[in-house]
Amino acid sequence: MTIALLDGNLDLLLPEFQTAYALDGSPVPKIADFLNVTDPRDDFDLNPQWVNMAATVTSQGGRVSFEGKAFTVPGDGTYRIGLFSERRFNMDSNASYIDQDIDRNGNPKGDDGLFGVLWQEAANDVWVDTDRDLSFADEKPMTDYIVRQDVGVFGSDDPATPVRDTVGFAVQTDRVNKFVSINVGIYQHATIIMGSVVGNRYPDGRVQGVAPGARIVSMFYGVSNAHGMIEGLIAAFKHPLVDLIVCEQSVAIASLPYLLADGTHPVSVVAQRLIERYGKLLFVPGDNAPAFGFVAEDGLAPGAVSVGGYQSRESYRLNWGFIPENDDNLHWGALSHGPSGSGALKPDLLAPSGQMSTDPGYRKGELRKGLFQLPPGYSVDGGTSTATPMAAGATALVVSAAKQSGVAHDAGRLKAAITGSARHIPRLGAHEQGNGLIQVGPAFDLLTRLEETPAVTITSSAPVRTKLSHLLRTPDVGIGLYEREGWTVGQTETREITLTRTSGPSEPMTFALRWIGNDGTFAGPASVTLPLGTPVAVPVTVAAAKEGAHTAILSIDHPSYPAPVHRVMAAIVVPYRFTADGGYSVTAEVTPPLPGDTGAFVEVPPNVEALQFSASSPAVGLSVISPDKEMLYVCPFKPEGTTEPCTVVRPQPGVWEINAANSRFAFSFDPTAAVPLEAEPVTVVATLLGVEATVDASPSAALVAGGSQPLTLGLTNRLANVTAAAAAVELASAVQAHGTVAEGEQQVWEVTVPEGATSLYAAVSVSDPAADVDVYLLDCTVPEEKPATPAEELEKGNKSPAAPPPICAPRAKATDVGAGGVVEVASPKAGRWVVVVDGYSVPNGPVEYEVVDLFTHPGLGAIAVADRPQLRAPASAWTAQANAWVASLPEPPRRLAGRVVATSPQVTRAGGAFGQGPSEPVALGSTIVWLPVQEP
């Protein structure tokens, strides 16, 4: 039984990764193959494993010279030669955490980090100068791992220290492109997640996984490359030794940039075609984000298995040092919640996570203060990253039994067996667990019975109503019932789930319909008769009794079929609504399970300047999810929690989730914790804020440098109680322009920001309200140069600098559904910035737009305001006197302007990329005043 792991290459020197067993019980190498599946023609610059071997040398007296180095070679002849550089491991995606030190020598003075590589193509032998003594003669010849399982070693271990000072590697040759890959086993993520899955104590390991006899094909795909993942999937499915595939995806490849989550991303489409062609089952992590409907796109191929994380009470006690109140729990860091964007039942199932596992041997063992200190090479794993290979490991036991028993186990039957036999956990929602917790014995029993039963297949379609559902393949229709928008408490509606039987006997079949995990929200008939090939609508009554997410599974069963023939997810979200009578504030009392999370959903109307929210307990972590799922985690990341409010600026209209996650035990062991540790109620408060601002400029002559202009400000609090006032601001250099943009077209407007600017702002308004025109603000400034390294060598050698950030990277964007938007950046870097106007959807033909960009700068002057923060009741109005004083004038065609804003000392947001910067004031309302200047 062999599992392909698409990830980094794991530590192949660990004792747990040495021995597996063939079906007859004989020992075989645990690692069946060790590959780099990226293409050196595309990925050489990103993946330092690849060594360019275009150069050839011919030995003279057993010596060759290359790049200023003279090497001793094994014998006379012509070779290809290149240099492997440990200094190229300088990016997060290629394991910069190895500290550019593959041979673990600390990079002493004079160390250039280069290892010679010699390749004799005829015999396909490769030598690596691992000790850098400029001799290949004392190195063993190696070839592609699958041929004879050659393993090399960088570094020399000191037996007096517990940490291993060596790194193992294999080689891989690319004869066509003349490259050799040095496949180093350094990737911590891959190593951690596999020990508890396939680790074997024999001969001298300490951890035994659920499938200790299984083998691994370790495949490095570049981790952050979409094309690398696709090539890796193809290689895994085609590999003759592979039975099951685990794709440890980077959510940055598909899930984050592709928010539709409907299984139509290229990765998902390719995966489904491979499953159908090769009949192998693919396992993909569901996601780790505590958020409703946030399962990862990469696992949404219909034939794939999307996995969420489970952890038992006993596992929490042993590995995390606390005892939860329930026997069955979600893993705290693997809160993968469905449904998919098309309403699909996801995740497919749960599998264990959070147990003891392996770690690279060159790392110190994990320390849990007050709980345990593990030896080097061991840690506690976690997340759906572990749950997914655990599901594959459990399935490997099923496949092994099937192989030994001669039972058919193609991908379709295998998925039906593991999902149809999964154990439903009553206390968890359908969207949290899918079909339930994977079960090995029942899965094999079901697989055996499926072999004797002719297949019956059913497809489904149902309404979907989300902010993105109009973009589905059939607008507002998916494969499950999913309505995130439009529901109110007390509302009762009827929806239809359409079922079509696509295989089975020609005569009609009658199926039983039953609900799983239903809290009373959904009701329908007890049975349905389905002719072959004829769609039949099943009416479903939906009653929204209270706020929250309500999910259930509609199971379609037949007495002749041992597994569920088909299952459909049903999900609605009932939000809290803001009203004038409620002071534009809502309060939700929730009890997030420990471990676990609960979402409080609120519907934000149009034209809100700020959504502020908080939780009564510092024990929970807060995150917020926008209606289109793009915004996450605006609260400062503080493991200890905070009760200070968080703020979303200019929230898009629709249903937002404020997620309260309970995971405080995961960060520190508390020996005084109660037994069992019970969840406590939390009050979540959300408030809408917005102030309307106007400016009345008293008549005056055109302004010159040193001149001033009196202003009268009019302000009205449109929403909730807030302590607010008009704020003093710097004057701005601005441009107001017009353009026309067609669908799919992008137009750019450049801004040169001077040193010392305090803010950069751009707004786009559109004439056609049906158009969806987005706006981006790109930082195209030159990256900051680090101080030059002193001439003398550093104590730890001359390391390569980290890769520079990309030029013209997005810093702010307004991409929600709607016409136009506003973007803003505080304290922008000096240099070139670009405003991008994107005609995402322009159904009525090219549309006119107006764009305003401005940057504020103290060198231009300021608007002084005579106002002070006071509590402003809803609908209250006030005025404030102000004066614009001009210090200098912008260069034409830019104009002098002021952006008058209202702020509150209690309404701020955390600055910085990850909320770790200083707090920034939030504009509760603003308006632009154009100041007349004297023509030159």
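Reader: Is the crossing of α3 and α7 left-handed or right-handed?

Author: This is a predicted model, in which local features need pLDDT of at least 70 and side-chain atom pairs count only at pLDDT 80 or more, whereas totals for chains, interfaces and linings use all residues. Residues are numbered from 1 along each chain as its sequence is written, and side-chain values use heavy atoms, with hydrogens and water left out. A crossing is called left-handed if the near helix is turned anticlockwise from the far one by less than a right angle, and right-handed if clockwise. By that rule, the crossing of α3 and α7 is right-handed.

Reader: How are α3 and α7 oriented to each other?

Author: Helix α3 (residues 188-198) packs on α7 at about 40°, with the axes 9 Å apart. Axes are lines fitted to C-alpha atoms, for helices over the stretch in contact, and angles run from 0 to 180 degrees between N-to-C directions. Angles under 35 degrees are roughly parallel, over 145 roughly antiparallel, 65 to 115 roughly perpendicular, and the rest oblique. The orientation of α3 and α7 is therefore oblique.

Reader: How many charged residues does the contact of α3 with α7 have?

Author: Contact means heavy atoms within 4.5 Å, and by this criterion H189, I193, M194, S196 and V197 of α3 meet S385, T386, P389, M390 and G393 of α7. By class there are 5 nonpolar and 5 polar residues. Ala, Val, Leu, Ile, Met, Phe, Trp, Tyr, Cys and Pro count as nonpolar, Asp, Glu, Lys and Arg as charged, and the others, Gly among them, as polar. The number of charged residues in the contact of α3 with α7 is none.

Reader: How many nonpolar residues does the contact of α7 with α10 have?

Author: The axes of helix α7 (residues 384-405) and α10 come within 9 Å and cross at roughly 40°, which makes the pair oblique. Residues A394, L397, V398, A401, A402 and S405 of α7 meet V440, A443, F444 and L447 of α10. The class count for α7 with α10 has no charged residues and 1 polar residue, and the number of nonpolar residues is 9.

Reader: At what angle do α8 and α10 pack?

Author: R413, L414, A416, A417, I418 and G420 in α8 are in contact with A443, L446, L447, L450 and E451 in α10. These contact residues divide into 8 nonpolar, 1 polar and 2 charged. The crossing is right-handed, and the two helices are oblique to each other. Helix α8 (residues 411-420) and helix α10 (residues 440-451) have axes 8 Å apart and pack at about 135°.

Reader: What radius of gyration does the protein have?

Author: The C-alpha atoms fill a box of roughly 95 × 80 × 60 Å along the principal axes. The radius of gyration is taken over C-alpha atoms, and the globule rule is 2.2 Å times the number of residues to the power 0.38. For 936 residues, a compact globule would have a value near 30 Å, which agrees with the protein's 31 Å.

Reader: How many strands does the secondary structure contain?

Author: Helices (H or I, at least four residues) and strands (E, at least two) are DSSP runs, numbered from the N terminus. The protein has 10 helices, and its number of strands is 61.

Reader: Is S614 buried or exposed?

Author: S614 is found in strand β38 (residues 610-615). Beyond residues up to four places away in sequence, S614 touches L622, T643, E644, P645, T683, V684 and V685. Buried means under 20% relative accessible area, exposed over 50%, and partly exposed in between (1.4 Å probe, protein chains only). Because its relative accessible area is 18%, S614 is buried.

Reader: What is the relative accessibility of K629?

Author: Most residues other than glycine have a negative phi. K629 has a positive phi of about 70° although it is not a glycine, and its place is in the loop between β39 (620-625) and β40 (646-649). K629 counts as buried, for its relative accessibility is 10%.

Reader: Which residue does a cis peptide bond join to K346?

Author: Most peptide bonds are trans. The bond from G338 to P339 is cis, with omega near -5°, and P339 is found in the loop between β19 (328-330) and β20 (349-352). A cis peptide bond, with omega of about -5°, also joins K346 to P347.
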